[in-house]
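Me: I am new to this structure. Can you walk me through how to read it, one feature at a time?

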Amino acid sequence: MSNKVYVAGVGLTKVDEHWWTSLEYLMTEASLKALDDAGVNKVDSIYVGSMLSPVLQEQGHLGALLAEELGLSSVPAIGVEAASASGAAAVYAGAREIESGRANAVLVVGVDKMSDGLAEEVTAAMMIGERQEYVGFIGATFYSLNALIYRLYMDKYNIDQEKIALFPVLCHEHAVNAPHAQYPFKIKLETVLNSPYVAEPLRRFETTAIADGAAALVLVNEETGKKLDSPKTELVIEAATDYLTPFQREDPLWFPAVQLSTSKALERAKLGRQDIKILETFDATSIMAILSLESSGFSERGKAWRLLEKGELSLSGSLPCNTFGGLKARGHPIGATSVYQIAELHLQITRRAGKNQVDNAVAGLAQSLGGIASTAFTTILREV
Amino acid sequence: MFKIKVPRYWRHKDFRYRLNAWKCNHCGETHFFKPLICRKCRSREFIQVSLPETGKLLAYTVVRSPPEGFELQSPYIIGFIELDDGTRILGQVTDCQPEELKQGMRVEATFRRIREDEEDKIIAYCYKFRPVI
């Protein structure tokens, strides 16, 4: 039987274009906030998730780098990478270390700083999560792959774009009162539908923008948790993988890694889908959110849009989703994003979500995807 | 975008120039580059095949926000194609405007320039698809 894992502290930087701030500074800032929130000075190890820093900053070795910045050199510290789920990969590594009994307290950080690259450089850098020799080579982009899936989805289920384009509208609604959100304002459906194509049918407002950010968690075991005054939640994380290119899979409209990691996580947490009161889904594009909702079993296939239309995913709905704006409106600083998702669940469950507080937030689930669900992490947080 | 380096580029020319690929002897899964073990059934026996050069267009899109190295080509079309043997493949679609395309239409492979390395002037070639004339 493995040890339980608790989140004892979280730290978030505002997601923004931080022109005057470096990658090192951002991840150090988030880390210090998390350590202060938990009320700890030292940890047994550090894991840092980042996808783009080796390309955009030409900076690797983030483990030792962050340890040094924090004055914690000598602590084991390792960088981990799983494309846009790199942050969740860091959480996974940290959680497993606590579970195994080898660590009492672990600092987990996710960071990326996209504003150091030009738009074309960032678009190219995002392809390190795909098969470069095949898909990258022909000039395909992350958004063009999403667009193909989007087209297939609309054809298969005979659904209009305006049903799916409601997702970014929901996200912006939820970001309005989120202090750390990149775009804390509402948008209209027409704004989404009139925004230019990135790759048709995918429109600019159905994607995310250049974003910088870092988020951090302090994970502890039960014994350490008891000594700390900070509010805590219990964490379970599971993962699964799939082919890098969704178009080599039997069905590009189904994410088996999401399905598998969801059922593994629910089983380990001994919870059913009805016990999940808040959801953080991975809306790198509107269509990815839709497919994640369906593959995880929170919606029937081809029907996720109905949850949107009926308001089930709103803060007052039956399954509030992306309660601080999700990737679209809180922002998507790639490697940091999944740590933001988990930190936001923690704020909700510990009743520190401010104006975005959801009633009855006793358990929440975060879906963090690398590439087009080539890696899927499912994290469940619950009240303790 | 990665720089075009000759050895790295050259080792994959059999697929990119001629659509030569590998099929698993056990389950029939197509692998574009020489595999050691089948990703689907884990068999280790393969036969080399020439993929059919014609197929149908399952879906297409237009890249309007290009990656580094493709700025001058944008907008260009990316298609998802089912070849006549059932193999599914991604490729650029050329010799036409997006308005001329229809899902389900017949396309054929053609040999084209994909990109030129601006610094070293190395030209990379690859298959692209075009509507069957």
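**Reading a helix**

Reply: Start with the buried residues of α1(A): A:Leu23, A:Leu26, A:Met27, A:Thr28, A:Glu29, A:Ala30, A:Ser31, A:Ala34, A:Leu35, A:Asp37 and A:Ala38. Keep in mind that this is a predicted model.

Me: What do the buried residues of α1(A) pack against?

Reply: Look for the elements they touch. In chain A these are the strands β1 (5-12), β2 (45-49), β4 (105-113) and β7 (212-220), and the helices α2 (53-56) and α3 (62-69).

Me: How many residues does helix α1 of chain A have, and what span does it reach?

Reply: Compare the span with the one expected at 1.5 Å a residue. Helix α1 covers residues 23-38, 16 residues in all. From first C-alpha to last it reaches 23 Å, close to the expected 22 Å. Just after the helix, A:Gly39 takes a positive phi of about 75 degrees.

Me: At what angle do α4(A) and α16(A) pack?

Reply: Read the angle together with the distance between axes. Helix α4 (residues 86-100) and α16(A) pack at about 60 degrees, and their axes are 5 Å apart. The two helices are therefore oblique to each other. On the α4(A) side, A:Ser86, A:Gly87, A:Ala88 and A:Val91 make the contact. From α16(A) come A:Gly335, A:Ala336, A:Thr337, A:Ser338, A:Val339 and A:Ile342. By class, the contact has five nonpolar residues, five polar and no charged.

Me: Which residues have the most contacts inside the largest nonpolar core?

Reply: First the general idea. In soluble globular proteins, nonpolar side chains tend to be buried together. Here the largest nonpolar core has 169 residues. Those with the most contacts inside it are A:Val108, A:Val109, A:Ala216, A:Leu217, A:Val218, A:Leu219 and A:Val339. Take A:Val108 and set aside its neighbours within four places in sequence. It then touches A:Tyr47, A:Ala90, A:Val91, A:Gly94, A:Ala216, A:Leu217, A:Leu219 and A:Val339.

Me: Is A:Lys355 buried or exposed?

Reply: Count C-beta neighbours inside 10 Å. A:Lys355 has 9, so it counts as exposed. It sits in the loop between α16 (334-349) and β10 (363-370) of chain A. Its C-alpha is 22 Å from that of A:Ala30, which is 325 residues away along the chain.

Me: How many residues does each chain bring to the contact between chain A and chain B?

Reply: Count each side separately. Chain B gives 28 residues and chain A gives 27. On the chain B side, β4 (54-63), β5 (76-83) and β6 (88-93) each supply at least two residues. That side has 16 nonpolar, seven polar and five charged residues.

Methods
Residues are numbered from 1 along each chain as its sequence is written. Chains are lettered from A and ligands numbered from 1 in the order in which they are written. This is a predicted model: local features need pLDDT of at least 70, side-chain atom pairs count only at pLDDT 80 or more; totals for chains, interfaces and linings use all residues. Helices (H or I, at least four residues) and strands (E, at least two) are DSSP runs, numbered from the N terminus. A residue is buried if 20 or more other C-beta atoms lie within 10 Å of its own, exposed if 12 or fewer, and partly exposed in between; C-beta atoms are placed from the backbone. Two residues are in contact if their C-beta atoms, placed from the backbone, lie within 7 Å. Ala, Val, Leu, Ile, Met, Phe, Trp, Tyr, Cys and Pro count as nonpolar, Asp, Glu, Lys and Arg as charged, and the others, Gly among them, as polar. The expected span of a helix is 1.5 Å times one less than its number of residues. Axes are lines fitted to C-alpha atoms, for helices over the stretch in contact, and angles run from 0 to 180 degrees between N-to-C directions. Angles under 35 degrees count as roughly parallel, over 145 as roughly antiparallel, 65 to 115 as roughly perpendicular and the rest as oblique. A nonpolar core is a set of buried Ala, Val, Leu, Ile, Met, Phe, Trp, Tyr and Cys residues joined through C-beta atoms within 7 Å.
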